[in-house]
Amino acid sequence: MDPRRPSRVIDPKVRKVGFFTPGPPPDRTRSGPATTTPTQSPISNSLSPVMIPPARHASDNLSRAVGVPVPVASQLHAHPPVDSLQVESYTPSDSVFTASPTRSPSSRIGLDGEFSEDSINWMKRSNSGRFAPALPDMKQSIETLIDESKGDVVEEPLQKNSKPLKAKTTKAERRALQEAQRAAKATAKVAEGNKSGATSGMSAPAQTSKPVKQPNQKKTGPPLASSTIVPEKKGGDKPPEKDRKKDMPPPRMQFDDKSRVEKAKKRSVTKQTEARNRVELFKHLPQYERGNQLFDLESKFFQLDHVHPAVYKVGLQFLAGDIMWSNTRCIAMLQALQKVIEDYSSPPEKTLARDLTAKINSSVSFLIECRPLSISMGNAIRFLKARIAKITLAQTESEAKTSLCSDIDRYINEKIVLADKVIVRHAVTKIRDGDVLLTYGSSSLVEMILLHAHELRRQFRVVVVDSRPNLEGQQLLRRLIEKGFSCTYTHINAISYIMHEVTRIFLGAASVLSNGTIYSTVGTACIAMVAHAHHVPVLVCCESYKFHERVQLDSICSNELGDPDAIAKVPGRTNNCLDDWAGKENLQLLNLAYDVTPSDYVSMIVTEYGMIPPTSVPVIVREYGREHLLI
Amino acid sequence: MDFQVVVLAGGSSKKLLPLVSKDVPKSLLPVANRPVLSYVLELLEQSNLKDLIVVVEGEDTDGLIENWISEAYVDRLHVQVAAVPEEVGTAGALRAITHHLTASDILVVSGDLVCDISPGAVAAAHRRHDAVVTAMFCSVPVTGPPESGSSGGKDKTKKPGCYNIVGLDLTEQFLLYIAAGMEVEKDIKVQKSILSAVGKMEIRADLMDAHLYAFKRSVLQEVLNQKQTFRSLKQDVLPYLVKTQLRSEILLNGAQAEENGNEKDAFSNNKVMLSQLLANASTPSFHELYALGPNGFAPAERKIHKCCVYLASKSKYCARLNSIQAFSDINRDVIGDASHISGCSFSVHNNVIHPSAVLGSKTTVGPQCMLGEGSQMGDKCSVKRSVIGRHCRIGSNVKVVNSVIMNHVTIGDGCSIQGSVISSNVQLQERAVLKDCQIGAGFVVTAGSEYKGESLARK
């Protein structure tokens with residue numbers, strides 16, 4: 001058993017389930033030293049985040065496991081390792097019910113815990129599925145019990161447990177487990193036809209297959225979310241899981257699916273002409289001809305009655321590229337939504353919470369049409385919707401509106417403005433006299449850090465790396481030079497030459513994903529990799545509200561395509577070689593907006609909660625992100 | 001969208017004499033047998049703008065226009081007709097109705113505009129830049145082929161360079177300089193501050209002011225209040241706003257100042273930071289750069305406001321009915337090149353002949369012609385590129401080329417009409433020959449008379 005331990009630690013599935021001591025995660029304690037030594041190689045402190053317990057599970061288990069007596073079939077599958085593991089993980093509670101070497105404190109313990117001993121014994125005696133309708137809310141757990149008593153389905157509970165226990169079982173056991181899974185699948189298939197008859201005894205196996213399947217999906221679900229596969233909703237969901245499902249993003253629209261695109265077009269406000277000559281690999285992302293869209297949107301100004309003027313203005317600015325970066329886009333959007341809420345009055349016979357959510361949804365979908373949302377905006381919208389959902393009927397409309405508006409103000413203030421200030425204070429400690437700092441593009445946060453360091457009279461030099469087509473670095477450069485910085489300006493193609501003299505790199509990010517991946521302006525990955533090769537520490541500055549729990553391994557599945565004309569045209573040149581590129585069949589232009597930097601190339605992420613290694617991102621996401629806590 | 005629309009339908013213009021009269025104000029002049037005002041109203045209706053204020057000069061014309069609107073648009077538009085005294089000018093007209101204006105932005109449209117450019121585009125550009133004024137400019141309409149162009153009363157309206165001198169920034173979004181062509185004598189004066197702030201300026205003389213403006217209401221009202229002498233939007237208000245855009249005297253941020261006063265210092269500090277964040281992120285226009293001052297630290301924040309332009313694309317049609325030449329040009333274009341504006345369905349021969357019109361034998365009506373309801377034509381007539389109104393009686397052997405004939409006109413046998421405009425109730429006796437003439441309402445042209453390039457009106 002002991003030699004297996006390490007493997008358990010590495011197994012990512014185990015990590016997700018979270019059957020570990022709920023004490024302070026080692027990662028967090030580790031992050032302390034990491035902050036003091038940011039220059040250390042990123043790999044050396046890439047601690048596996050396995051030991052971090054998902055908070056909810058741990059607490060659930062602890063609070064509820066005590067009363068759980070699931071005695072059935074214990075003798076059939078009493079794996080000594082199983083028990084010992086549980087003793088290990090549930091030390092406080094296990095001692096209470098050692099009499100029944102239970103397997104039930106699995107991930108699904110939530111409802112099992114509510115079982116009374118009576119009902120279970122009673123059911124055991126009856127030995128059939130007839131009671132399912134009588135206790136509908138406990139259906140699932142009952143059904144598992146029924147199955148257990150039936151004998152042939154003994155593997156089911158084992159399978160339930162198998163997730164957390166996997167690493168601990170022997171080879172033979174794992175094999176048995178595999179077979180059990182297969183059997184479960186088979187039964188599920190057989191019973192798929194008569195799913196509806198919940199009362200009949202026949203349906204029992206079908207139903208049982210659900211609770212078996214679901215934990216699997218749950219466990220694999222969150223990491224897969226980015227790859228657009230979201231498990232379809234099932235009827236027998238339990239409350240905590242429902243919550244989790246709500247948080248999950250809806251399946252992303254695939255724009256290479258013709259019929260769906262047609263449908264979406266019908267819904268859309270503006271006429272969207274698909275860009276021509278699209279790159280095959282990126283056809284699943286939306287890409288429209290910008291010029292036409294802008295023109296069309298402009299001329300429809302007065303027809304769009306349902307769009308609030310403030311939202312319209314912001315949308316137009318997104319589309320025209322007047323507002324660019326994720327922070328500012330997020331602020332602009334929130335302020336527009338705030339105006340929507342201020343001007344809102346709920347129609348009679350409708351509750352504010354529902355109608356306002358619909359209103360916000362329509363505003364957001366208008367904004368999406370103008371430009372796909374950034375992750376930070378998605379997070380902000382989720383926060384707002386959660387706030388709206390919390391409004392009770394007891395509140396009057398004006399109360400609700402003022403509370404929502406102040407919530408938005410606080411969100412902007414605490415999540416962005418104050419967070420920026422804290423980050424600046426953290427990051428500035430990393431700037432020493434004589435440093436040569438490199439930054440890419442123009443990040444408002446990095447700019448603030450540089451300015452603050454300048455105010456502290458640190459002596460350093462700044463290298464601003466830029467890239468076409470936006471050339472946003474020039475604006476940063478202009479502001480820095482005005483302040484009297486000593487700067488070097490270069491384009492990204494010269495990065496390997498300039499890297500020799502650089503001592504530190506500060507980058508902004510559009511988002512940080514839970515595997516530590518940095519999702520940022522295209523080109524960031526290149527900078528980070530070159531820096532890694534030259535052993536230059538890379539510090540990514542990002543407010544925690546931009547963190548997202550999804551995992552992305554490449555920049556293909558989810559990205560944003562910019563206007564291809566932007567890269568085809570060279571400003572200031574009258575006749576470009578690519579002027580009529582759209583007419584050339586065998587030419588495709590790709591203007592990617594974002595790329596993904598693997599966490600290996602990032603030394604440290606500076607957030608308002610401190611400086612953390614990329615591996616600690618899940619902690620932030622889980623501890624601070626889920627409930628959208630305000631500071 | 002929080003926009004209010006004001007249509008300046010004007011009174012009777014001197015330039016259009018003898019076509020306009022007390023009974024036919026300028027905005028009711030027919031273009032392809034519809035009053036010119038209907039083009040504007042329908043353009044607005046297409047854009048879903050149904051609450052309009054129509055401002056009319058003079059009490060008596062007010063009644064005429066109100067009657068016509070209530071008949072034609074009774075259930076389609078909600079129109080409020082306001083009469084203002086004559087000779088107050090466009091600015092004066094707005095000043096007179098200022099208490100009706102409540103929305104945050106005002107769209108001011110001239111009633112003599114014939115175009116197919118969506119006013120929404122102007123409004124959107126206005127909103128996008130948060131401008132105080134946005135003006136629509138279009139390229140000078142391409143007049144028809146030279147021979148037909150010359151046939152109009154060109155010698156009268158011929159004023160070389162009567163278009164505006166317009167200064168734009170390189171992105172063609174901001175208005176830096178404007179002067180009406182008439183005012184420019186030899187040189188134009190451009191402010192140094194604007195020029196140095198923007199760096200490069202493009203001066204164009206090929207743009208026409210379409211007299212479609214979007215104003216920020218608060219600014220417009222303030223300017224009208226402060227400057228009581230301003231009479232015209234185009235000649236006074238717009239140049240004033242353009243000139244002062246970098247040293248704005250109007251109070252834009254009044255509301256903001258109040259907000260900050262109420263809150264605690266720390267919070268307002270954050271607000272400042274927030275606004276700075278927002279300002280840094282968007283690509284700054286030269287206004288913002290200027291407001292920040294040379295080093296980013298302006299001693300006192302300079303007040304600016306933005307004046308924007310919307311340049312209509314060349315493919316769009318846009319013209320103003322402000323001269324006799326324009327009147328015949330528009331009539332020709334609406335049934336010719338820009339026929340989609342007229343709203344009529346053209347026959348296979350590319351003309352519109354009302355079913356109740358009666359044509360004699362061997363009479364030909366060429367392409368790009370329009371024949372109104374109940375008109376009668378004798379034998380062996382020929383009509384080319386002309387508009388003939390309702391209930392006209394035209395004898396035999398009449399030639400009508402490049403002309404506009406309004407309603408209830410009687411034309412005797414053997415007349416020849418070329419390049420002329422004939423108002424309602426005119427009587428042409430036999431064998432009259434008209435070339436490039438304008439004839440006022442109710443005039444009687446005696447038999448056999450011959451006129452060339454004259455304007456005739458009843459004394």
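Me: Two strands pair if DSSP finds at least two bridges between them. In this predicted model, what makes strand 6 and strand 9 of chain A a pair?

Reply: Strand 6 (residues 518–521) of chain A is joined to strand 9 of chain A by 4 bridges. The rule asks for at least two, so the two strands count as paired. They run antiparallel, and A:Ile518 is placed opposite A:Thr597 of strand 9 of chain A. Helix 24 (residues 524–533) of chain A packs on the sheet and touches strand 6 and strand 9, its direction making about 30° with that of strand 9 of chain A.

Me: What is the strand order of the open sheet of chain A?

Reply: The order is 8-5-6-9, an open sheet of 4 strands with mixed pairing.

Me: Why do strand 8 and strand 9 of chain A stand at the edges?

Reply: Strand 8 (547–548) and strand 9 (594–597) of chain A each have a single partner strand, so one side of each has no neighbour in the sheet.

Me: How do you know that strand 4 and strand 5 of chain B pair?

Reply: Strand 4 (residues 51–57) and strand 5 (residues 78–84) of chain B share 7 bridges in the parallel sense. With at least two needed, they therefore qualify as a pair. B:Ile53 has B:Gln80 of strand 5 of chain B as its bridge partner. Between these two strands the chain passes through helix 2 (residues 59–72) of chain B, and the β-α-β crossover is right-handed.

Me: Why is B:Ser47 called buried?

Reply: The relative accessible area of B:Ser47 is 4%. B:Ser47 is in the loop between helix 1 (36–46) and strand 4 of chain B. Leaving aside residues up to four places away in sequence, B:Ser47 touches A:Phe302, A:Gln303, B:Ser118 and B:Pro119.

Me: How many aromatic pairs are there over all chains?

Reply: The count over all chains is 7. One of them is formed by A:Phe383 and A:Tyr411.

Me: What makes the pair of A:Phe460 and A:Phe485 edge-to-face?

Reply: The angle between the planes is 65°, at 5.8 Å centre to centre. Edge-to-face requires over 60 degrees, so the pair takes that label. A:Phe460 lies in strand 2 (residues 460–466) of chain A, and A:Phe485 lies in the loop between helix 22 (473–482) and strand 3 (487–491) of chain A, 25 residues apart. Both are buried: A:Phe460 at 11% relative accessibility, A:Phe485 with a relative accessible area of 8%.

Me: How do you know that A:Arg329 lies over the face of A:Phe318?

Reply: A:Arg329 is at 5.1 Å from the ring centre of A:Phe318, and the distance limit is within 6 Å. B:Arg34 is likewise over the face of B:Tyr39, at 4.1 Å from the ring centre.

Me: What is said of phi at A:Arg457?

Reply: Phi of A:Arg457 is near 60°, a positive value in a residue other than glycine. Most residues other than glycine have a negative phi. A:Arg457 is in the loop between helix 21 (444–455) and strand 2 of chain A.

Me: Why does A:Arg457 count as exposed?

Reply: Its relative accessibility is 69%, and exposed means over 50%, so A:Arg457 is classed as exposed. B:Lys380 has a positive phi too, about 55°, and is not a glycine. The relative accessible area of B:Lys380 is 52%, which is over 50%, so B:Lys380 is also exposed. B:Lys380 is placed in the loop between strand 17 (376–377) and strand 18 (382–384) of chain B.

Me: Which peptide bond is cis, with omega near -5°?

Reply: The bond from A:Arg468 to A:Pro469 is cis. Most peptide bonds are trans. A:Pro469 is in the loop between strand 2 and helix 22 of chain A.

Definitions and conventions:
Residues are numbered from 1 along each chain as its sequence is written. Chains are lettered from A and ligands numbered from 1 in the order in which they are written. This is a predicted model: local features need pLDDT of at least 70, side-chain atom pairs count only at pLDDT 80 or more; totals for chains, interfaces and linings use all residues. Side-chain values use heavy atoms; hydrogens and water are left out. A crossover is right-handed if, with the strands pointing away from the viewer, the path from the first strand over the helix to the second runs clockwise. Buried means under 20% relative accessible area, exposed over 50%, partly exposed in between (1.4 Å probe, protein chains only). Contact means heavy atoms within 4.5 Å. Axes are lines fitted to C-alpha atoms, for helices over the stretch in contact, and angles run from 0 to 180 degrees between N-to-C directions. Rings of Phe, Tyr and Trp (its six-membered ring) pair if their centres lie within 6.5 Å; planes under 30 degrees apart count as stacked, over 60 as edge-to-face and the rest as tilted. A charge sits over a ring if NZ of Lys or CZ of Arg is within 6 Å of the ring centre and within 35 degrees of the ring normal.
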